Amino acid sequence: IPSPEFKVPRGLVIFAHGGGSSRRSYRNRYLAGRLRLAGWATLRLDLLLEPEQLADAPEGAVRFDIALITGRLHQATEWATRETVPGSERIVLFGASTGAAAAAGVAAALPASIAGLIGRGGRVDLAEADLTRVRTPTLLVVGETDAETLARTPGVVGRLAGPVTLRIVPGAGHTFE
């Protein structure tokens with residue numbers, strides 16, 4: 001929940017990690033903490049179970065099962081709404097890497113529930129079948145030296161149905177070290 005000076009959260013940011021990162025990483029904990037200081041409730045999710053993360057680590061095969069991680073994020077989003085988690089009346093999905101594809105899929109499936117979509121270093125392109133149904137405002141944040149994501153992003157921007165903002169962070173890589 002947000003800092004005590006906020007009586008009512010501005011909304012709920014759900015962080016979706018598909019693999020290669022986790023809800024426990026310093027970067028994700030720091031960002032969630034900053035959002036809570038600004039009045040947002042946060043929920044950090046690993047979309048892969050611990051055994052799946054271990055199996056995924058060598059080659060990254062499991063994290064690219066976009067249907068699997070989208071389904072899990074969809075269930076978590078519906079749970080937050082059903083259980084009236086603080087801030088759930090205004091949900092923003094924040095997907096990192098393949099989690100961004102899952103977030104796009106959920107934004108397409110639950111348009112009335114999702115107020116915004118953020119993809120950080122995101123492989124939103126992996127949600128290709130859902131892109132034209134994403135009408136929620138979208139922010140894509142890509143590191144300047146992340147050549148692979150930068151190459152894929154222009155095609156994504158043109159296919160999303162809602163307003164899109166692309167921000168390129170000077171000097172940053174894929175994981176924003």
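This is a predicted model: local features need pLDDT of at least 70, side-chain atom pairs count only at pLDDT 80 or more; totals for chains, interfaces and linings use all residues.
Colleague: At what angle do helix α3 and helix α4 pack?

Modeller: Look at the axes. Helix α3 covers residues 66-82 and helix α4 covers residues 98-109. Their angle is about 55°, and the axes lie 8 Å apart. That makes α3 oblique to α4.

Colleague: Is the crossing of α3 and α4 left-handed or right-handed?

Modeller: Right-handed, as α3 passes α4.

Colleague: Which residues make the contact?

Modeller: From α3, they are Ile66, Ile69, Thr70, Leu73, His74 and Thr77. From α4, they include Thr98, Gly99, Ala101 and Val106. The contact residues divide into eight nonpolar, six polar and no charged.

Colleague: Now the loop. Where does leucine 126 lie?

Modeller: Between β4 (114-120) and β5 (138-143), in the loop.

Colleague: Why does leucine 126 count as partly exposed?

Modeller: Partly exposed runs between the buried limit, under 20% relative accessible area, and the exposed one, over 50%. Leucine 126 has 26% relative accessibility, so it counts as partly exposed.

Colleague: What is leucine 126 in contact with, leaving aside neighbours within four places in sequence?

Modeller: Phe64, Ile66, Thr98 and Ala101. Ile66 belongs to the α3 side of the helix contact, and Thr98 and Ala101 to the α4 side.

Colleague: And aspartate 130: what joins its side chain to that of arginine 133?

Modeller: A polar contact of 2.5 Å. Aspartate 130 also sits in the loop between β4 and β5. Leaving aside neighbours within four places in sequence, aspartate 130 is in contact with Ala104, Gly105 and Ala108. Gly105 is one of the α4 residues in the helix contact.

Conventions. Residues are numbered from 1 along each chain as its sequence is written. Side-chain values use heavy atoms; hydrogens and water are left out. Helices (H or I, at least four residues) and strands (E, at least two) are DSSP runs, numbered from the N terminus. Buried means under 20% relative accessible area, exposed over 50%, partly exposed in between (1.4 Å probe, protein chains only). Contact means heavy atoms within 4.5 Å. A polar contact is a pair of N or O atoms within 3.5 Å; within protein, one must be able to donate a hydrogen and the other to accept it, and residues adjacent in sequence count only if both atoms are side-chain atoms. Axes are lines fitted to C-alpha atoms, for helices over the stretch in contact, and angles run from 0 to 180 degrees between N-to-C directions. Angles under 35 degrees count as roughly parallel, over 145 as roughly antiparallel, 65 to 115 as roughly perpendicular and the rest as oblique. A crossing is left-handed if the near helix is turned anticlockwise from the far one by less than a right angle, and right-handed if clockwise. Ala, Val, Leu, Ile, Met, Phe, Trp, Tyr, Cys and Pro count as nonpolar, Asp, Glu, Lys and Arg as charged, and the others, Gly among them, as polar.
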